[in-house]
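Here is a short briefing to read alongside the model. Keep the 3D view open and follow the topics one by one.

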Amino acid sequence: MLDSARRVVVFTGAGISTESGIPDFRGPGGTWARVQPIMFQDFVSSAEARREAWRRRFDSEPVMRAAQPNRGHRAVALLVRQGKASAVITQNIDGLHQASGVPEAQVIELHGNSTYAHCLDCGKRYEIGALRAAFERDGEVPGCVACGGLVKTATISFGQAMPENAMERARRETLAADLFVVLGSSLVVYPAAGFPEVAKRNGARLVIVNRQETPLDDLADLVVHHGIGEVMGGAVGVN
């Protein structure tokens with residue numbers, strides 16, 4: 001399928017990054033089962049919720065910092081370098097696709113990115129390290145120095161609107177694909193999980209590589225319940 005495709009779009013979820021040591025969110029034993037997410041409305045309205053959100057982010061820093069792109073990421077990056085894959089649509093927030101060599105312009109982050117923060121009002125960017133120093137000193141992250149707005153990781157929280165630009169870019173890429181490859185997504189989080197369905201309805205072949213079954217397995221042309229690194233690395237010749 002990869003050999004015959006003219007335009008591949010890769011859609012990734014947490015399963016590709018678990019092989020880099022980043023905990024899954026919705027899989028068996030994932031974060032969802034142990035820690036309730038902080039809703040966006042609570043982050044905005046409650047200083048206590050903001051402190052808890054930042055505490056969790058800083059607690060995860062050692063894991064995030066240690067994570068490196070794995071064989072699956074490298075395989076995807078090779079497909080992009082070869083011009084075979086036009087874009088990577090990802091639900092992940094870890095920045096590992098960019099770290100693997102996929103150009104920023106070809107990574108479409110549906111749920112944002114946790115490796116930096118930004119002001120919710122003016123969009124000014126902040127680096128995590130500087131915010132952590134302030135948090136450890138004062139017990140909170142300061143407001144935006146430019147406009148006084150709230151500073152939050154550049155992720156999309158539960159209850160927060162999806163990024164319009166990223167969603168539109170993902171839609172265009174999905175409609176242009178003749179092969180849509182899903183790697184490590186449970187395909188239960190909408191609207192993101194709707195893109196494989198759109199691709200299939202538009203005539204693309206659909207491949208799903210995921211250790212667990214997904215709700216769209218019956219729709220796919222090929223389903224592989226196996227490790228992403230081994231499957232993709234073997235398919236494109238990446239160790």
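## The three-stranded sheet

Three strands form an open antiparallel sheet in the order E5-E4-E6. Two strands count as paired if DSSP finds at least two bridges between them. E5 and E6 are the edge strands, each with a single partner, so one side of each has no neighbour in the sheet. Direction ignored, neighbouring strands of this sheet are turned by 45° against each other on average.

Before going further, please note that this is a predicted model, in which local features need pLDDT of at least 70 and side-chain atom pairs count only at pLDDT 80 or more, while totals for chains, interfaces and linings use all residues. Residues are numbered from 1 along each chain as its sequence is written, and side-chain values use heavy atoms, with hydrogens and water left out.

**Pairing within this sheet**

- Strand E4 (residues 112–119) pairs with strand E6 (residues 151–155) in the antiparallel sense over 5 bridges.
- Across that pair, cysteine 119 stands opposite valine 151, and alanine 117 stands opposite threonine 153.
- E4 is also joined to strand E5 (residues 125–127), by 3 bridges, and these two run antiparallel.
- On the E5 side, alanine 117 has tyrosine 126 as its bridge partner, and histidine 118 has arginine 125.
- E4 and E5 make a hairpin with 5 residues between them, and glycine 123 in the turn has a positive phi of about 85°.

**What surrounds it**

- How many of the 5 residues of E6 are buried? The count is 5 of the 5, so E6 is largely enclosed by the rest of the structure; buried means under 20% relative accessible area, exposed over 50%, and partly exposed in between (1.4 Å probe, protein chains only).
- Helix H4 (residues 47–59) lies across E4 and E6, running at about 55° to E6; axes are lines fitted to C-alpha atoms, for helices over the stretch in contact, and angles run from 0 to 180 degrees between N-to-C directions.
- Helix H8 (residues 128–138) packs on the sheet as well, touching E4, E5 and E6, and its direction makes about 70° with that of E5; contact means heavy atoms within 4.5 Å.

## The six-stranded sheet

- An open sheet of 6 strands, with parallel pairing, has the order E3-E2-E1-E7-E8-E9.
- Its edges are strand E3 (107–109) and strand E9 (222–224), each with a single partner strand, so one side of each is left without a neighbour in the sheet.
- From one strand to the next, the twist averages 15°.
- Strand E2 (residues 85–90) runs parallel to E3 and is joined to it by 3 bridges; isoleucine 89 stands opposite isoleucine 108 in E3.
- Helix H10 packs on this sheet, touching strand E1 (8–12), E7 and strand E8 (205–209), and its direction makes about 155° with that of E7.
- Gly194, Phe195, Pro196 and Ala199 of H10 are buried, and their cover includes E1, helix H9 (164–176), E7 and E8.

- The loop between strand E7 (179–183) and helix H10 (194–201) contains proline 191, which is joined to tyrosine 190 by a cis peptide bond with omega of about 15°.
- Leucine 187 lies in the loop between E7 and H10. Phi of leucine 187 is near 55°, a positive value in a residue other than glycine, and leucine 187 is buried at a relative accessible area of 0%.
- After H10 comes glycine 203, with a positive phi near 105°.

## Cysteines

- The structure holds 0 disulfides, a disulfide being a pair of cysteine sulfur atoms within 2.5 Å.
- Cysteine 147 is in no disulfide either, with the nearest cysteine sulfur, that of cysteine 119, 3.5 Å away.
- Cysteine 144 is buried at 6% relative accessibility, whereas cysteine 147 is partly exposed, with a relative accessible area of 42%.

Definitions and conventions. Helices (H or I, at least four residues) and strands (E, at least two) are DSSP runs, numbered from the N terminus.
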